[in-house]
Amino acid sequence: MTKKLAVLLVISFFSAVLPVGIALAGPTMDLTVSAAISLKNAFEEIGKLYESRNKNTKVLFNLGASGDLVTQIKGGAPIDVFASAALKDMDKLDSAGFVVKDTRTNFAANTVVLIVPSSSKITIPSFEDLKKPEIKKIAMGNPKTVPAGRYAAETFQYYKISDMIHNKLILTENVRQVLDYVYRGEVDAGVVYSTDAMVRQQGVKIILTAPEASHKPVIYPIAVVKGTKNEQAANSFVALVTSEEGQKILSQYGFKPIASAK
Amino acid sequence: MDDSLLFSLKLSVQVATVATVLVVMVGLSAAYLLSRKNFPGKELLDILLTLPLVLPPTVTGYYLIVLFGRNGLLGRYLYAWTGWSIMFTWYAAVLASFVVALPLMVKTARAAIESVDENLIRASYTLGHSEYRTALKVILPLARKGIVAGTILSFARAMGEFGATLMIAGNIPGRTNTMPLAIYSAAGSGDRSQAAIMVMVFTLFSGFFLYVASKLSRRVL
């Protein structure tokens, strides 16, 4: 082995080992929270609050459509806490045996709304008007994996327009993608939560609110995932979400607070 | 085989075929230009045509949205004149596949054209043939190995395109869900058996395609 090669190998070895050394140096812990993407802004703030109270813990958020998150956890993803935008997804995880007993609780509610780009001039007095030919594309989450998509489908069914607007539907991977499509003007209308519309007030406007009777109740449950390596931290995170401070943050972002055990 | 699976397979083949035809037309022209001509901006063109090869498909997808989205730099004019947007249509899937497969064609065809013996080309000119005739009758036939290879690579790349396609065509069942997208959805929603069937069908199809392609290229070459 030439001298140069030996030196190179030694340098590579140390630069590979160094990050591990730094990581082991301090007692930092990671808490991974899989949460419905509509919770992004509220949970990121709650996460910062949690980190300020627990200096040795870093909260990592894994955001996406609740259905995708369930599939990941069932596939063995190392998640500590799970929060979904519908009871159905939590039920699915529960029946598959991934929820730690007695940690499941409902922590927020939301409303389903129809939004259009702020610059849109189309009038939509009622959901039935989505049949209008001026409305060519309507975005909604894919009902297979996105709770907001299921609520949208239920609402369309309620107003008996599902068949008529079927060809106009653009299905997305998650609810924030619907928001983005409407914001960019790629579609004429989209179904999101009122809390999502709040995040993009300058670009979209809420034109209709789906009545509660038109879809299943939009309730967000949270639970500790079985197999978590940080059960204590996970439990205290859930406790923060359901605490008065957590509920206050949620309501600041437009969620309706309900801290009740299921 | 399930209806939706057949649809996805048919759509993938359709999109890849149309994209490959476009790639061959544009790619051959570009390869010829780059290998045989000198002009200002030649290096820039080369870089632009190669970029989709090195950029992640999501970056390519992002640029395509910026250009062809309903409010995009080019898309807004298209929408203003025709009321139509390419987003969420199978044409967008073709566009995505075209852009990512083009560098493969340009690179392999250019290398093939550059390796054609210059003496043969000069001989053709001295015999009185025009540049067009020389290109068609002398250069391209002599470069056919690389061109065929480029075509096969492009088709394969187009069939497997995922990231950029997802961004501009969307993943709409029955409309734009090509096989890679459909497999992604099935796997994501936990529909393991559907995903497994599609993966198997796609692998068999790809294997069959490679077999046919190698048989054809042996005949052509």
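**Exercise 1. Find the bridge partner of Ile138(A) in β8(A), then describe the sheet around this pair.**

*Solution.* Let's go step by step.

- Step 1: In this predicted model, Ile138(A) has Ala189(A) as its bridge partner in β8(A).
- Step 2: Now widen the view to the two strands. Strand β6 (residues 138–141) of chain A and strand β8 (residues 189–193) of chain A run parallel and are joined by two bridges. As a reminder, strands of a sheet pair through backbone hydrogen bonds, either parallel or antiparallel.
- Step 3: Place the strands in their sheet. The order is β7-β6-β8-β5-β9 (chain A), an open sheet of five strands with mixed pairing. At the edges are β7 and β9 (204–209) of chain A, each pairing on one side only. On average, neighbouring strands of this sheet are turned by 35° against each other, direction ignored.
- Step 4: α5(A) lies across β5 (112–117), β6, β7 and β8 of chain A, at about 125° to β6(A). Helix α7 (residues 175–184) of chain A lies across β5, β6, β7, β8 and β9 of chain A and runs at about 140° to β8(A).

**Exercise 2. Into which domains is chain A divided, and how many residues of each are in contact with the other?**

*Solution.* Start with the division, then look at the contact.

- Step 1: The two parts of chain A are domain 1 (3–109 + 218–261) and domain 2 (112–214).
- Step 2: Taken over C-alpha atoms, the centres of domain 1 and domain 2 of chain A are separated by 29 Å.
- Step 3: In the contact, 17 residues of domain 1 of chain A meet 19 residues of domain 2 of chain A. On the domain 1 side, the largest share, three residues, comes from α3(A).
- Step 4: Sort that domain 1 side by class: eight residues are nonpolar, seven are polar and two are charged.

**Exercise 3. Why is α3(A) described as largely enclosed by the rest of the structure?**

*Solution.* Check the helix residue by residue.

- Step 1: A residue is called buried if 20 or more other C-beta atoms lie within 10 Å of its own. Ser66(A), Gly67(A), Asp68(A), Leu69(A), Val70(A), Thr71(A) and Ile73(A) are the buried residues in α3(A).
- Step 2: Seven of the nine residues of α3(A) are therefore buried, so this helix is largely enclosed by the rest of the structure.
- Step 3: Ask what does the covering. The cover includes β1 (29–36), β2 (57–64), β3 (81–83), α4 (87–95) and α5 (147–158) of chain A, together with α10 (179–188) of chain B.
- Step 4: Look just past the helix. Gly76(A) follows α3(A) and has a positive phi, near 100°.

**Exercise 4. How many residues does each of chain A and chain B give to their contact, and which elements of chain A take part?**

*Solution.* Work from the totals down to the classes.

- Step 1: Chain A gives 13 residues and chain B gives 13 residues.
- Step 2: On the chain A side, α3 (66–74) and β7 (169–172) are the elements that give two or more residues. The largest share, four residues, comes from α3(A).
- Step 3: By class, this side of chain A has two nonpolar, four polar and seven charged residues.

**Exercise 5. Which residues have the most contacts inside the largest nonpolar core?**

*Solution.* Begin with the core, then pick one residue.

- Step 1: The largest nonpolar core has 125 residues, and Val81(A), Val182(A), Val192(A), Leu95(B), Ala96(B) and Ile168(B) have the most contacts inside it.
- Step 2: Its largest share, 16 residues, comes from helix α5 (residues 90–114) of chain B. In chain A, both domain 1 (3–109 + 218–261) and domain 2 (112–214) supply at least three residues each.
- Step 3: Take Val81(A) as an example. Leaving out residues up to four places away in sequence, Val81(A) touches Val33(A), Ile222(A), Val224(A), Val225(A), Ala234(A), Phe237(A) and Val238(A).

**Exercise 6. How many helices and strands does chain B have, and where is Pro57(B) placed?**

*Solution.* Go from the chain to the residue.

- Step 1: Chain B has eleven helices and zero strands. Of its 221 residues, 38% count as buried.
- Step 2: Pro57(B) is in helix α3 (residues 57–68) of chain B. Pro57(B) counts as partly exposed because it has 19 C-beta neighbours inside 10 Å.
- Step 3: Beyond residues up to four places away in sequence, Pro57(B) touches Val100(B), Phe162(B), Gly163(B) and Ala164(B).

Note on methods
Residues are numbered from 1 along each chain as its sequence is written. Chains are lettered from A and ligands numbered from 1 in the order in which they are written. This is a predicted model: local features need pLDDT of at least 70, side-chain atom pairs count only at pLDDT 80 or more; totals for chains, interfaces and linings use all residues. Two residues are in contact if their C-beta atoms, placed from the backbone, lie within 7 Å. Ala, Val, Leu, Ile, Met, Phe, Trp, Tyr, Cys and Pro count as nonpolar, Asp, Glu, Lys and Arg as charged, and the others, Gly among them, as polar. A nonpolar core is a set of buried Ala, Val, Leu, Ile, Met, Phe, Trp, Tyr and Cys residues joined through C-beta atoms within 7 Å. A residue is buried if 20 or more other C-beta atoms lie within 10 Å of its own, exposed if 12 or fewer, and partly exposed in between; C-beta atoms are placed from the backbone. Domain bounds come from an automatic or database domain assignment. Two strands pair if DSSP finds at least two bridges between them. Axes are lines fitted to C-alpha atoms, for helices over the stretch in contact, and angles run from 0 to 180 degrees between N-to-C directions.
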